[in-house]
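Here are my notes on this one, jotted down while going through it. Have a look at the structure first, then read on.

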Amino acid sequence: MGEYKKAMRRAFPYTVPVLAGYLFIGAAFGVMFADQGYNVLWAVLMSVVVYAGSGQYLATNFFVPGISILQAVFLTLMVNIRHVFYGLSLVDRYNRFGRKRWYLIFGMTDETYSLICTTGVPDDVDEEKFLLSITLLNQLYWIVGTAIGSLTATVIAFDSTGIEFAMTALFIVMFMELWYRRSNRPAELVGMLSAVLCLALFGASNFVLPTMVLMVAVILLGRKKLDRTEADADA
Amino acid sequence: MLDAVSSLIIIAAVAITTFATRAASFLVFPKDREIPPTVKYIGTILPPAVIGMLVVYCLRSTQVFAYPYGVPELIACLTVIGLHAWKRNVLLSVGAGTILYMVLVQMVFV
């Protein structure tokens, strides 16, 4: 247990920005779900078993008479399809871990994925325990945020308009942290430009899947220029 | 609001579907299967590309062609970039940028 305690303590500082963001966007979900008539127990249940930002926002629309399960599954699939690609980029790393890796896979939200990919594991902690700590802490923030939103929805009228910018700011900061290492720059630009192009072509609600496909295509076609594994091996 | 049983069924469907998207690649490449070099290569290049995409994803609903013409987002993003280039303190950059954005959309560009 001591090992996990240490990993938690080392992981905590890296998760603080997610703490700030998740408390608020988790709360926003709690409010939306409360508006549909669901109390705090329901909201917490969702955040424990689903744990997805935009997925849970979307899901608040499913709790109305007439929705079919198939519809709920299809819409959830569309909004979360990008996670297939996140998983693809982590199979090599996670397959070295034990059974607990399934919790890492379950908890692979945008924020957790990005944090895990951009954070170097400190030398004095076990990698698996460190990543489990990050994932667990993030989910706890999400659950607490959800509960706060749900409980206060009817009590306080706090104008939280614009709070969702916390996530934008967090991704900008991660983008910059990667940018400081020159070899990341081409891939970052590929992602950003693919997204801008697909946003212009397909519109705000349908551009993520085409963006992922375009990105992977460019990454595969540009392998000679982009591949760092071989370049690093040569150096 | 639906009855409890229907609600639980919907929650289960959303939970299973979400987990399925996250687990799909791990089911295709279980532990004992050799990972092709191409997939390893994608694993090194995709994360920075995804973060580039997520920046755009977060800003996808920005009103560029109508009032307020994306000005609040532009100001807030530049503030985050400036602060982070200057102090490189994640909390400061995210916190100050978010508060500024909230002030802009609630009080300035209304």
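Predicted model: local features only at pLDDT ≥ 70, side-chain atom pairs only at ≥ 80, totals over all residues.

**Notes on the two chains**

1. α10 of chain A covers residues 185-202, and at 1.5 Å a residue its 18 residues should span 26 Å; the end C-alpha atoms sit 25 Å apart, so the two agree.

2. What does α10(A) bury? Ala187(A), Glu188(A), Val190(A), Gly191(A), Met192(A), Ser194(A), Ala195(A), Cys198(A) and Leu199(A) are the buried residues. In general, an α-helix has 3.6 residues a turn, so residues three or four places apart point the same way.

3. On to the contact between the chains: chain A puts in 81 residues and chain B 60. On the chain B side, α1 (4-28), α2 (37-58), α3 (71-87) and α4 (90-108) each supply at least two residues. The biggest giver there is α2(B), with 20 residues. By type, that side of chain B splits into 41 nonpolar, 15 polar and 4 charged residues.

4. Chain B is assigned two domains, domain 1 (1-31) and domain 2 (34-108). Taken over C-alpha atoms, the centres of these domains of chain B are 29 Å apart.

5. Confidence, finally. Chain B has an average pLDDT of 92, with 100% of its residues scoring at least 70. For the model, ipTM is 0.89 and pTM is 0.84.

Technical notes
Residues numbered from 1 in each chain as written. Chains lettered and ligands numbered in written order. Contact = placed C-beta atoms within 7 Å. Helix = DSSP H or I, 4+ residues; strand = E, 2+ residues; numbered from the N terminus. Nonpolar A, V, L, I, M, F, W, Y, C, P; charged D, E, K, R; others polar. Domains from an automatic or database assignment. pLDDT = per-residue confidence, 0-100. Expected span 1.5 Å × (residues − 1). Buried ≥ 20, exposed ≤ 12 C-beta atoms within 10 Å, placed from the backbone.
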